[in-house]
Amino acid sequence: MSFGPHLFLALLEGTVSAFVLALTALGLSLVFGVMRIVNVAHGEFFMLGAVLAWFCASLVGTPVAGFLFALIAAPLIVGALALAADRLVLRRIDYHPEGTIVATIGLLYIIQQAVLTLYGPEARPVTPPVYFILSFPWFGYSGYKLVVAAISACLLAATWWLLARTKLGLYMRAAQQDLEMAQAFGVPARRVYAMVFALGAMLAAVAGVLVVPIQQAHYLMGLDPLLLSFIVVILGGLGSVKGTVVAAFVVGISDGVVSVFFSPTLAKIVATLLVAAVLVVRPGGLFGEDRA
Amino acid sequence: MNDLATHRVLALHLGVLALLFLAQFALPEYHHTNVARIMVLAAYALGYNLLLGYTGLMSLGHAMFFAAGMYGAGLPVYYLGFGAAGALGAGIATGMLLAAAFGLMALRTSGVSFLIVSLMFAQAFYLASLYFNEITLGDQGFILSGKLAPLQLGGTPLGFHEPAVKYNAALLLFAACFLLSLGLRLSPIGRVLIAIRENEERTRLFGYDSFRYKLLALVLSGGLAAAAGASYALLFSYVGSTFASILFSIYPLLWTLLGGVGTILGPLVGTGLMFYLVDIASGITSAYLLVVGVVLVALILWFPQGIMGTVRAKWLPWLP
């Protein structure tokens with residue numbers, strides 16, 4: 001393949017992964033923006049989504065029904081789990097910034113190792129619900145990947161609608177801007193925090209469900225989306241849907257292009273150092289004021 | 001601190017070192033090696049505690065200093081035929097240089113941002129150790145036995161594979177890091193560091209350049225971590241990129257939290273306890289890291305002061 005089609009393929013791959021990354025990162029970004037905590041276990045919610053999708057697919061006969069079942073059931077289960085984590089752990093330590101990080105590192109290992117015990121160390125594939133090839137003059141491209149992009153776009157729009165147009169979204173934005181003032185106006189802070197934490201986890205889980213027909217379900221698959229989401233959230237600014245989505249596209253597409261033409265490892269090294277530099281140059285920087 | 005209290009502190013800490021020395025004659029073979037390993041890892045935790053416990057900076061990237069010490073010592077032995085002393089020196093120097101370079105950039109941030117920056121740098125370091133696998137041999141790593149000449153002590157060769165040499169070398173390293181931490185804690189510099197932990201603004205108001213003190217603490221912390229990494233490579237004869245992964249940044253945090261943040265004895269207690277917990281769990285299940293998760297959550301929820309921190313709060317208020 002010559003340079004042009006090669007670049008086109010890289011851009012296409014980058015765009016699809018950018019959509020999935022945007023969903024995952026948006027979950028992390030909402031949690032960070034509203035609750036001011038860093039959820040290190042976020043990648044494990046993504047992994048749980050993928051593993052549950054495999055489980056649902058193995059329960060239901062046809063790929064389409066299994067996929068639709070997973071698309072609804074997996075986020076609900078993961079959301080319930082996140083609610084429990086919020087209620088049993090995070091609320092009890094009063095969302096202390098550093099305490100939360102330690103606690104969510106603990107959750108990361110608990111979830112990951114529980115999946116290792118119950119699901120095993122194998123990577124398992126899931127059949128895509130739809131199968132067609134989009135043929136370009138130079139190569140054929142899996143149609144399912146475009147379905148992933150389309151569903152992601154719908155979910156991103158739905159999240160935006162939730163934030164901008166509903167009462168819960170209003171509460172969330174109020175809590176983000178000034179928690180005490182919001183509480184004074186009757187915003188039920190605890191319930192809003194719990195909802196945000198569950199919503200963030202559900203976004204990651206949906207991304208996991210979408211990705212599993214492309215990339216097999218494995219108990220260690222959560223680390224990469226976690227680190228990429230960190231990068232996106234830092235670049236995009238906290239809690240802003242627009243910033244997160246834009247940053248996800250910048251990171252996703254450039255990651256795709258650099259990975260195709262150079263090495264995926266080099267792409268990650270460069271991205272990681274770049275983001276660390278951004279944080280350093282703007283101390284407390286894109287994270288806003290530090291409450292630690 | 002008055003003389004009596006200083007004597008008490010010295011007696012307790014020197015007593016612990018004496019106990020560790022005597023333990024080698026009583027321990028069965030399996031635990032003999034384990035305790036040697038624990039002492040090296042506890043030196044790493046001591047380094048971590050300097051930063052978290054006495055300066056108040058939580059890092060999620062200390063594996064890069066540990067691994068820098070490891071590669072700084074291991075690569076010269078493997079490729080250039082360095083002896084043990086030269087390799088240890090090279091390892092410590094590598095770690096301190098990396099810590100200084102990292103600190104000059106990262107100490108402009110604090111709190112959660114510092115934590116994320118340290119995570120990012122450590123991840124870049126880990127990926128780099130995989131990327132340059134022609135030199136580092138990446139995941140697979142390399143073995144030093146056969147490459148490292150035995151130490152000569154008055155004409156008798158001392159090979160690091162001999163259990164007694166391994167144990168006492170580990171004890172020597174641990175004692176050095178332990179006494180350095182204690183000395184720093186009791187010195188005026190240590191008091192400034194604690195002041196920074198308690199209230200950085202106010203410390204600056206008193207005229208202390210907090211950036212320079214934090215940099216000093218970070219370089220010392222990185223130096224201890226690197227000394228531990230270099231010793232680990234030399235004593236246990238293996239260097240690999242696993243030791244640069246996130247898990248090895250989380251371990252010292254866990255050991256320090258369990259033993260008691262901001263206590264000199266805490267890192268040893270926490271490392272020893274956690275080492276055996278993981279050891280027992282890995283005999284039962286392949287999902288032994290579950291223990292790490294459960295202990296972290298339990299510590300944060302019910303036991304934030306850790307073991308020695310609780311001992312200090314309840315019974316021994318003079319414990320440094």
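Predicted model: local features only at pLDDT ≥ 70, side-chain atom pairs only at ≥ 80, totals over all residues.

Me: Where is Tyr95(A) in the chain?

Reply: Look at the loop between H3 and H4 of chain A; that's the place of Tyr95(A).

Me: What is the phi of Tyr95(A) like?

Reply: The general idea comes before the case. Most residues other than glycine have a negative phi. Tyr95(A) has a positive value, near 55°, and is a residue other than glycine. Asp94(A) also isn't a glycine, and its phi is positive at about 60°.

Me: Where does Asp94(A) lie, and is Asp94(A) buried or exposed?

Reply: Asp94(A) lies in the loop between helix H3 (63–90) and H4 of chain A. With 8 other C-beta atoms within 10 Å, Asp94(A) is exposed. The cut-off for that label is 12 or fewer.

Me: Let's zoom out. How many helices and strands does chain A have?

Reply: Chain A has eleven helices and two strands. Going along the sequence, you'd read the pattern α-α-α-α-β-β-α-α-α-α-α-α-α. As for overall form, the radius of gyration of chain A is 19 Å, close to the 19 Å that the globule rule gives for 292 residues, so chain A is as compact as a globular protein of that length. Its C-alpha atoms fill a box of roughly 60 × 45 × 35 Å along the principal axes.

Me: How much of chain A counts as buried?

Reply: Of its 292 residues, 48% count as buried. Among contacts in chain A with a separation of 6 or more, 75% are between residues 24 or more positions apart.

Me: How do I read one helix, say H2(A)?

Reply: Start with the general idea. An α-helix has 3.6 residues a turn, so residues three or four places apart point the same way. Now the case: helix H2 of chain A covers residues 42–59, which is 18 residues. From first C-alpha to last, H2(A) reaches 26 Å, close to the 26 Å expected at 1.5 Å a residue. And 16 of the 18 residues of H2(A) are buried, so H2(A) is largely enclosed by the rest of the structure.

Me: What about two helices together? At what angle do H1(A) and H9(A) pack?

Reply: Helix H1 (residues 3–35) of chain A and H9(A) pack at about 65°, and their axes are 9 Å apart. Their crossing is right-handed. On the H1(A) side, the residues that meet H9(A) include Leu21(A), Leu28(A) and Phe32(A); on the H9(A) side, they include Pro225(A), Leu228(A) and Val232(A). The residues of this contact divide into eight nonpolar, four polar and no charged.

Me: Which residues is Gly243(A) in contact with, leaving aside its neighbours within four places in sequence?

Reply: Gly236(A) and Gly237(A). Gly243(A) itself is found in helix H10 (residues 241–261) of chain A, and is partly exposed, with 18 other C-beta atoms within 10 Å. Gly243(A) is also 214 residues from Ser29(A) in sequence, yet 9.6 Å from it in space, C-alpha to C-alpha.

Me: And chain B? How many helices and strands are there?

Reply: Chain B has 14 helices and four strands. A compact globule of 320 residues would have a radius of gyration near 20 Å, and chain B has 19 Å, which agrees. Buried residues make up 51% of chain B.

Me: Could you pick one helix there? What do the buried residues of H12(B) pack against?

Reply: They pack against helix H2 (29–55), helix H11 (247–259) and helix H14 (306–314) of chain B. Among those buried residues are Leu268(B), Val269(B) and Met274(B).

Me: Last one: how many residues does each chain put into the contact between A and B?

Reply: Chain A puts in 38 residues and chain B 34. On the side of chain A that touches chain B, helix H4 (97–119), helix H9 (223–236) and helix H11 (264–281) of chain A each give two or more residues. H4(A) gives the most, with 16 residues. That side of chain A divides into 26 nonpolar, eight polar and four charged residues.

Note on methods: Residues numbered from 1 in each chain as written. Chains lettered and ligands numbered in written order. Contact = placed C-beta atoms within 7 Å. Nonpolar A, V, L, I, M, F, W, Y, C, P; charged D, E, K, R; others polar. Expected span 1.5 Å × (residues − 1). Buried ≥ 20, exposed ≤ 12 C-beta atoms within 10 Å, placed from the backbone. Rg over C-alpha atoms; globule rule 2.2 N^0.38 Å. Axes fitted to C-alpha atoms, helices over the stretch in contact; angles between N-to-C directions. Left-handed = near helix turned anticlockwise from the far one by under 90°.
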